[in-house]
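Dear colleague,

Please find the structure below, followed by notes on what was found in it.

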Amino acid sequence: MDTVSLTINGKQIVTEKWKKILWAALDNGIFIPHLCAIEQRPLPFAACRLCFVEIEGRDEPVTSCTEEVSDGMVVYTRTESVLRLVRMGFEMIMSRHPVICKDCPANKNCALQEIAQQMGFKLKPKRLLQILPELPVDDSHPLFTYNPNLCVLCGQCIYVCNEVLKKEVLDFNFRGFMTRVGTFQDRPLADYGCDSCLKCVEVCPVGALSIK
Amino acid sequence: MEKTIRGRLEYLKTEALKDFKDKGSEAYGAIYVGTATCGRSAGSMEVFHAFEEALKNLDIKARTFHVGCHGHCYAEPMAVVSKPGWPPILYGYLTPNRAQSLIKRFFNEEDPALEWALGAMKDNDMIPTVYETPRWAMEQRFLLENCGAIDPENINHYIARGGYGGLAYTLEREASKVIDEIKSSGLRGLGGAGFDTWRKWDICRGNSESPKYVICNADEGDPGAFMDRTILESDPHAVIEGMIIAGVTIGAESGYVYVRKEYPLAVSIMRRAVCQARESGLLGENILGSRINFEIVINQGAGAFVCGEETALIASIEGKRGMPAPRPPYPAKRGLWGRPTLINNVKTLALIPKILIQGAENFASLGTDRCKGTAVFAMAGKIQDAGLVEVPFGTTLRGVIFDLGGGVPPVIKASNIPGEKPITTKKKFKAVQIGGPSGGCLPEAFLDTPICFDTIFDTGAIMGSGGMVILDEDNCAVETARYFLEFTQKESCGKCTFCRIGTKHMLDILTKITKGAGTMDDLDMLQELAETIRQGSLCNLGKTAPNPVMTTLEYFKDEYEAHIVEQRCPSLECKDLIAYYIVPEKCQRACDACVGSCPTEAIYTRRDRLKAIDQEKCVKCTNCMEACPPQYDAVIKVSPLSELPESKADEK
């Protein structure tokens with residue numbers, strides 16, 4: 001196995017070649033916030049924009065899910081410019097996500113809570129106003145509930161449903177701020193030939209898809 | 001049948017010229033009517049039919065042709081009339097009636113109706129040419145050479161003018177020679193980024209994987225930009241020839257034209273052109289008798305601005321939702337169906353054959369050191385002579401806007417007194433928005449900037465694909481920024497956090513400011529959002545979305561402050577901050593023009609017979625201001641609202 005050696009936050013790390021920085025860091029106990037990344041995915045999705053790191057010699061922070069490790073690379077995960085982006089990105093996500101942890105099915109098992117805790121961020125956005133779209137909850141399926149209001153649009157459910165299992169029940173609908181996950185023509189899940197494999201519920205990092 | 005590639009093309013050319021001659025165009029004259037989308041919306045189809053009818057009625061054998069767009073939108077519908085014994089003459093502002101009488105006067109009475117003519121198209125002793133006017137004199141048509149001169153639906157017109165010579169050139173040479181020629185021309189991609197074209201081609205050619213693909217990006221979506229549409233509709237074979245040359249050079253056998261569905265005429269013209277090229281043996285198998293094959297598929301987009309981004313465009317062709325993917329891998333390495341793909345803009349591809357035919361040196365002699373050749377701009381907004389202009393790189397913005405475009409037009413209001421001249425009010429230039437919603441708003445101080453990818457980028461705007469929207473003193477900088485941001489937010493694919501949610505917050509703040517509810521802290525937040533969105537977004541749509549805000553914040557900060565501190569819109573555009581008021585000293589008792597124009601019956605007659613506006617009912621539609629005769633000019637806009645003189649209730 002080809003290996004490369006790099007430094008992350010001053011820690012010497014030996015890892016496989018072709019690995020992305022994000023996974024090398026996580027494997028070695030260095031936390032980098034992320035919502036959309038899936039290691040097996042051949043091309044990173046790179047949508048949540050939370051996994052920024054700074055690489056020595058580069059002008060601007062880069063997403064660690066898209067950058068491959070290389071020998072002698074020097075990476076920092078918590079520089080000022082990284083934190084500026086990550087803090088703003090997280091605050092943006094939280095400005096569209098109701099903070100109702102007590103009533104949320106993902107409470108204590110939520111990627112957002114983990115990021116807030118690890119990074120020392122507040123869950124409620126301080127600088128941005130909350131804009132909550134108040135979309136109808138899809139309760140049509142007998143086994144699980146889909147609450148688009150809690151969704152962070154990480155695309156993990158779509159990836160397993162379409163690319164891995166080839167069931168093609170879910171995809172992104174609409175544009176701009178109103179973009180959301182849904183079925184073709186935004187019909188209720190129960191009407192759309194979902195065979196209840198529940199893989200989407202399994203991968204959802206927040207409480208948008210939850211078992212009844 | 002000829003044996004060589006060149007011989008086969010020469011044969012096609014002879015046949016093409018014969019087609020033109022045999023049908024009497026030279027002996028009896030010809031009329032070329034500009035019937036691209038812009039001409040048609042100005043009524044050129046009616047003009048075309050009027051010409052045909054008049055020729056038939058008077059039994060004149062001259063031929064009529066549909067040609068593409070001349071680029072002079074302000075003077076549409078336009079036609080060139082070529083009569084034996086006369087130089088070809090260009091007519092503008094035509095109507096069906098004028099067309100009929102023109103035929104009668106010119107062909108039967110030898111009177112060329114010069115009052116409707118813009119000028120002759122060739123040097124002669126009788127009529128001044130159009131090239132004596134600044135618009136024509138300063139323009140240098142290289143890319144748009146054929147636009148308005150040939151019938152886009154007849155391949156013979158293109159071939160007769162030397163078309164497909166660039167393809168023959170390519171088929172006769174090594175691919176590396178073609179790339180060398182493009183390299184020495186200095187051509188940079190005209191889609192907006194300005195990447196060296198030869199480099200992209202060379203990377204694709206060097207990639208040993210196969211199959212490879214060529215894509216023509218014709219998903220022009222900027223509000224106010226229409227260069228690509230004009231080229232597709234006026235000179236489709238240049239694009240097709242450019243694509244075949246690209247395919248032959250990099251070793252691809254199929255190409256896609258990704259054209260937006262909102263361009264139905266461009267789609268049908270391109271489809272026909274592809275069929276004709278195939279019938280002539282210029283496309284398909286064994287092109288011009290060589291062993292080389294190339295096929296073109298026309299792919300219609302579903303009207304998404306983001307699909308102009310190359311990775312989103314590829315996803316769209318693959319049948320997926322048009323969402324950008326992170327780069328690298330660049331399409332040249334891993335593009336359509338995971339294969340090496342060359343994506344070029346319409347303009348870049350259309351330039352290739354012209355460069356090969358006329359020589360790289362010819363092209364490189366135009367422009368500046370860093371930017372060779374010409375730039376095409378679509379001028380829209382507050383500009384006298386709207387339309388397309390093609391100028392060498394290095395021309396200043398002032399030259400383009402004022403010398404070619406005629407500057408900001410005055411407002412002309414017809415007098416209601418019979419026989420009185422209309423009253424004109426001059427308007428001041430305020431800013432130019434370059435590069436559409438991804439571009440920036442540049443004030444007068446930047447007008448002497450020579451046009452080049454790099455110099456424009458340094459100002460905070462981008463060259464983009466060449467949209468140019470001119471704003472005058474009546475356009476509010478904040479409202480302009482808000483308008484463009486509303487567009488990008490609506491067109492965001494929703495994939496990445498910064499673009500989906502960040503631009504929404506920026507839009508909300510800007511909307512708040514235009515309503516007079518903003519605070520000075522909002523400006524800092526706007527700046528912070530703009531900078532993080534620029535750094536954090538996944539694709540260039542997101543990265544450039546804050547440009548209109550960043551440039552207006554930098555160059556028009558005083559306007560933002562006026563909205564926030566004084567609740568005043570200096571340009572009197574933001575509806576929530578202005579009120580309409582009838583100045584009693586100017587109002588003419590006997591006139592009722594404003595009363596009748598008001599859709600909400602907000603205007604009432606006071607006891608003294610003067611008119612006044614009930615602010616509660618007023619919807620700020622501007623009708624009364626337009627209806628008020630210019631010699632009174634009694635209706636004015638007031639901002640802030642606190643400046644509005646109180647209207648006495650008992651006067652009602």
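Which side chain of chain B meets that of A:Arg84 in a salt bridge? The partner is B:Glu531, at 2.5 Å from N to O, a salt bridge being a side-chain nitrogen of Lys or Arg within 4 Å of a carboxyl oxygen of Asp or Glu. The rule finds four salt bridges across the interface of chain A and chain B.

Before the rest, please note that this is a predicted model, in which local features need pLDDT of at least 70 and side-chain atom pairs count only at pLDDT 80 or more, while totals for chains, interfaces and linings use all residues. Residues are numbered from 1 along each chain as its sequence is written, chains are lettered from A and ligands numbered from 1 in the order in which they are written, and side-chain values use heavy atoms, with hydrogens and water left out.

The contact (heavy atoms within 4.5 Å) draws 32 residues from chain A and 35 residues from chain B. About 2900 Å² is buried between the two chains, with carbon and sulfur atoms giving 61%; buried area here is the accessible area (1.4 Å probe) that two parts lose on being put together, summed over both. In chain A, the residues that lose the most area to chain B are A:Arg84, A:Met92 and A:Arg175, together 22% of what that side buries.

By class, the side of chain A that touches chain B has 20 nonpolar residues (Ala, Val, Leu, Ile, Met, Phe, Trp, Tyr, Cys and Pro), six charged (Asp, Glu, Lys and Arg) and six polar (the others, Gly among them).

With best wishes
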